[in-house]
Every structure is written in C-alpha cells, then in structure tokens.
Amino acid sequence: MGSLRFANPTALASGVHGSSLSKVLQALKMGAGAAVTKSIGVVPREGYPDPTMVEVEGGMVNAAGLPNPGAAMFSEQLAEVEGKSLPIVVSVFGADEAEFTSAVRALDGNDFVAYELNLSCPHVSGVGIEVGHLPEEVSRVTKAVKAATGKPVFAKLSPNTERLVEVAQAAVDAGADGLTAINTVRSFPIDIVKGGPALSHGFGGLSGAAIRPIALRCVYELREQLGVPIVGCGGVGTWEDAVQFFLAGANMVQLGTSTIKRFDRFNDVNLGIISYMKRKGFAKLEDLVGRAHAR
Ligand SMILES: Cc1cc2nc3c(=O)[nH]c(=O)nc-3n(C[C@H](O)[C@H](O)[C@H](O)COP(=O)(O)O)c2cc1C
C-alpha cells in the first residue's frame, strides 16, 4: 500500500464497534492486517439518541452521529496501547481543514501507521457529505492534513455523489497516499409500527452485503482513473467478497458490518484468498488487482 506494508490485505473498518480501542486490538490479534479506529473529532461528541441502528435485508442502517471521546482523550488511550508499531489506522473527521488538522495535531505523536480521513459520513450535517462531496473542500482538507503530519493519509470516499472520481482525484492531487471506498449509502428506513422513521435521526447509512455491488462499482470507477492504493470496503464478509474487490482494483479490503455477527473472520478470509490464488496460479496479490478491467 504505497509506503506501507501489511501482513495481509484484510482490515477492520472504522467505527462499527464503537470508539473503544479494544476491538481494534482484538481484530489485530485475530489476524487482521490492519485495523481502523472510530472516526475521532477535535471535541467529544455524544452521538444521537436511540434507536441508532436498524437491521434490514442484507445489512443494517445506522445513524450513530459519530460519538467519540475527542482527539485529546483518544490520544491518551492510544498512548496506553502496549506493543509498538501495530498496524493501527486512525480515522479523523471535522467540519473544515482547521478541525481536521487540530485533531491530527492532538493524535500525531502516538504510534500508529496512517490516517483515514472520514470525508463521507452520510448522517452528520456539517462534517460528512458537506465536506466529502466537494472536490475543493476535499483538496483543502487533504492538503492541510498532509502538511500537519508525516504519516500516510487515506481519503475515505462517499458513494452518495456522482462526483466520486472528481473528489478522489482532488484528494490524490492534494497529496492523499490512497483511497478507501466506500462509506455507507445514505438511506431512510421506515418503521410501520411506529408509523415513522426507524432511526431517531431519520437518515442513516446502509452497510453490509446489500451495498457490495455499489462499493465494487466505486472501486472499479476509481481504478479506471487512478493508480494510487485503494482499500475496498462495503459488504465484505468472506474471501469470495474480498476477491471481487481485488478484481475490481482494490489492493486491500476492510470488513465492517460482517464482523458484528462474527468477529473472527479475518483468518478465514486470508486463507481463502491464498487458496484461490494457488488454484488460479497467481503468485502475488498484485497479479489479481484490477483484472476485471482487462476484459
Ligand atoms: C455502526 C457503524 C458505525 C460506523 N462508524 C464509522 C466511522 O466512525 N467512520 C467511518 O469512516 N465509517 C464508519 N462506518 C462505516 C464503515 O466503516 C464502512 O465504511 C461501511 O459500514 C461499509 O462497510 P461494511 O458493509 O463492511 O460495514 C460505520 C458503520 C457502521 C455500521
């Protein structure tokens, strides 16, 4: 992944298990090649009242409202992590470049390998799509974060815009070392018993198997235009799902919603990828990446 080397191409996706670091560390113990933290902002946030999650066919819709302890407190938690040089990626969010860089400055002294910029939360106004759907904003934020840290920076993209590739290009031109695609798909689940919105916030983000074809389309479109490392995310739960993302052009995959029902998936996915490569005669993962483009 550019200047980064991971033991394997599976990672825990941001936020699905809340902001505690214990799940991040557990994922690494259970065979994930990397693990992304919950998105951290400059000040603590409570998030929305319940209900914040609802199960739907093929996945779930959540509107947690980015609850997190804030960058200063999270920095203290990171400092306490035992074992150095773990492949932890810290996700940050903010309303503008000043908020992103304040969070980065508070966190940067800790031992972790990269940042993921959450430019794509579909249910928090001011910090999600308002930033991540505008190439100029994405460019400003990415440039400012790159100037504030020496660590690699991945831009996490929203599927909820027709300007996906334009936004990605703006991030890359501003210095992003790679891209993560995708965040959740903007949704509005309805509860017929209540006769209204199923979530307290109304709008939420769809995740899980239901969004995999959308995520694959996004990765495919990005790989058509861009040469940087891409992390595929959206509905990955098995090695077959992971292989689909590599063929579309991803270099690595993240698992989110699938780890709620079963956390211990990373080894199985990794072993499945290796057997598939052996069966098909691929010596290196790179030989697989982007093959769907060579039709
Ligand atoms: C409950 C929940 C919380 C999430 N929190 C975050 C977050 O804090 N930051 C972020 O970038 N993405 C967050 N996501 C999005 C996931 O990281 C991932 O992009 C998305 O769920 C698609 O992957 P999946 O289908 O494997 O879950 C969250 C998703 C869920 C379901």
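Two strands count as paired if DSSP finds at least two bridges between them. Strands (E, at least two residues) and helices (H or I, at least four) are DSSP runs numbered from the N terminus. The model is predicted: local features need pLDDT of at least 70, side-chain atom pairs count only at pLDDT 80 or more, and totals for chains, interfaces and linings use all residues. Residues are numbered from 1 along each chain as its sequence is written, and side-chain values use heavy atoms, with hydrogens and water left out.

**Exercise 1.** Find the residue of S6 that is the bridge partner of Ser91, and decide whether S6 is buried or exposed.

*Solution.* Start with the pairing: strand S5 (residues 88–92) runs parallel to S6, and four bridges join them. Within that pair, Ser91 is bridged to Glu116 of S6. Next, take accessibility, where buried means under 20% relative accessible area, exposed over 50%, and partly exposed in between (1.4 Å probe, protein chains only). In strand S6 (residues 114–118), five of the five residues are buried, so the strand is largely enclosed by the rest of the structure. Finally, sort the residues by face. In a regular strand, side chains alternate between the two faces of the sheet. In S6, Ala114, Glu116 and Asn118 lie on one side, Tyr115 and Leu117 on the other, and all are buried.

**Exercise 2.** Give the strand order of the open sheet of four strands and name its edge strands.

*Solution.* The order is S3-S4-S12-S9, with antiparallel pairing. Strand S3 (53–56) and strand S9 (185–187) are the edges, as each pairs on one side only. Neighbouring strands are turned against each other by 35° on average, direction ignored. For the pair S4 (residues 59–62) and S12 (residues 204–207), there are three bridges in the antiparallel sense. Val61 has Leu206 of S12 as its bridge partner.

**Exercise 3.** Describe how H2 packs on H3, then how H6 packs on H7.

*Solution.* Two packed helices are described by the angle between their axes and the distance between the axes. Axes are lines fitted to C-alpha atoms, for helices over the stretch in contact, and angles run from 0 to 180 degrees between N-to-C directions. Angles under 35 degrees count as roughly parallel, over 145 as roughly antiparallel, 65 to 115 as roughly perpendicular and the rest as oblique. A crossing is right-handed if the near helix is turned clockwise from the far one by less than a right angle, and left-handed if anticlockwise. Contact means heavy atoms within 4.5 Å.

- The axes of H2 (residues 71–79) and H3 (residues 97–107) come within 8 Å and cross at roughly 30°; the two helices are therefore roughly parallel. The crossing is right-handed. Ala71, Ala72, Phe74, Ser75 and Leu78 of H2 touch Ala103, Ala106 and Leu107 of H3.
- H6 (residues 164–173) and H7 (residues 212–225) have axes 10 Å apart, at an angle of about 55°; they are therefore oblique. Their crossing is also right-handed. Leu164, Val165 and Ala168 of H6 meet Arg217, Cys218, Glu221, Leu222 and Gln225 of H7.

**Exercise 4.** State whether Gly109 and Ser139 are buried or exposed.

*Solution.* Gly109 sits in the loop between H3 and S6 and, at 80% relative accessibility, is exposed. Ser139 belongs to helix H5 (residues 135–148) and, at 18% relative accessibility, is buried. Neighbours within four places in sequence aside, Ser139 is in contact with Ala170 and Ala174.
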